[in-house]
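Please look through the structure below with its surface and its charged side chains in mind.

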Amino acid sequence: MKTRITELLGIEHPIIQGGMAWVAEYHLASAVSEAGGLGLIGGANAPGEVVRDYIRKTKERTSKPFGVNVMLMSPHADDVAKVVVEEGVKVVTTGAGNPGKYMDMWKSAGIKVIPVVASVALAKMMERAGADAVVAEGTESGGHIGEATTMTLVPQVVDAVNIPVIAAGGIADGRGIAAAFMLGAEAVQIGTRFVVAKESIVHENYKQRIIKAKDIDSTVTGRSHGHPVRCLRNQMTREYNKLESEGKSFEELEYLTLGTLRKAVQEGDVTHGTVMAGQIAGMINKEQTCKEMIDEMMAQAEALLKGAR
Ligand code: TUI
């Protein structure tokens, strides 16, 4: 399937891996790129030098295109923004904010810039600022989320901008890809399904929580403070939601969650840790290689879309 996104990024399949904090490191990114999608290194809260090391390790594992996600709430965002230029990264996606202040630096370095947006307003602003494409991310996604659903956000962003749109949130098989294309998207971003990839270094307990999850097993913490994060329900989310309903401050609640994503991803503590995952976790039921996942999804999407447009 050739689209403006596959052309822009020089990739075989219109599938981009989510830049998931702690999860999207070089093993996963290189495996997705090798399988013909666009692998991403998630900068998350990591210092610039850690991201530089991940970029170099990804280059050792694949000669195909890959990108870096710059998480704009990170205290290291300025450093990571420079590191991607110094290391000659070809594609940057951004999350959890407005990347406006980095656009000129990235564009003059020839980087393809793809901000993740959760609203039409930010999509339009990013197009005016010179973005090459946008990811329209619905509230079905795991992690830090916006309000609009993928079904409502994607067609509205497609109508509002001329640059290509990548759909994200709630997509994990060929049906989701076909649906996103019918809404006008030219690629999809997939996170939760790649968490359980064989190449993903995530702790087996985390993978099993996703594999065993049911349709309504995710919840959202932090809504009342304007920092909504979707993750799978557990003791941590119950405590968080209780304290949130008692009116505890954002700072107190942040302290409670400090380091809990790492605890779940690396130590496998899926009781006290934060198990970020999208609503589609209920449909994900097995570990596969990235290539198996991508080939299966693309075959299904192509069969569904044949004759549909
Ligand atoms: O960024 C994400 N998802 C993330 S980042 C992340 S790291 C984290 N860890 C713990 C707590 C909080 C974050 C985990 N998941 N997705 C992209 C995304 N961006 N979704 C929503 C947005 C967004 C929201 C508001 C982008 C811009 C925005 O407003 C920008 C503005 O200034 O108008």
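The protein exposes about 12,900 Å², of which carbon and sulfur atoms supply 52% (accessible areas by the Shrake-Rupley method with a 1.4 Å probe, where for residues only the protein chains shown count as cover). This is a predicted model, in which local features need pLDDT of at least 70 and side-chain atom pairs count only at pLDDT 80 or more, while totals for chains, interfaces and linings use all residues. Residues are numbered from 1 along each chain as its sequence is written, and side-chain values use heavy atoms, with hydrogens and water left out. Of the 309 residues, 54% count as buried (under 20% relative accessible area, with exposed over 50% and partly exposed in between, for a 1.4 Å probe and protein chains only).

Side chains of opposite charge can pair when their charged atoms come close. The whole structure holds 16 salt bridges, each a side-chain nitrogen of Lys or Arg within 4 Å of a carboxyl oxygen of Asp or Glu. In one of them, Arg-193 meets Glu-296 at 3.1 Å, N to O; because Arg-193 lies in helix α9 (residues 192–195) and Glu-296 in helix α14 (residues 290–305), the pair ties together parts that are 103 residues apart in sequence. Helices here are DSSP runs of H or I with at least four residues, and strands are runs of E with at least two, numbered from the N terminus. Arg-193 is buried at 7% relative accessible area, whereas Glu-296 is partly exposed at 38%.

Another salt bridge joins Lys-59 to Glu-87, with the closest N and O atoms 3.9 Å apart, and both residues belong to a network of salt bridges that also links Glu-49, Arg-52, Arg-56 and Glu-86.
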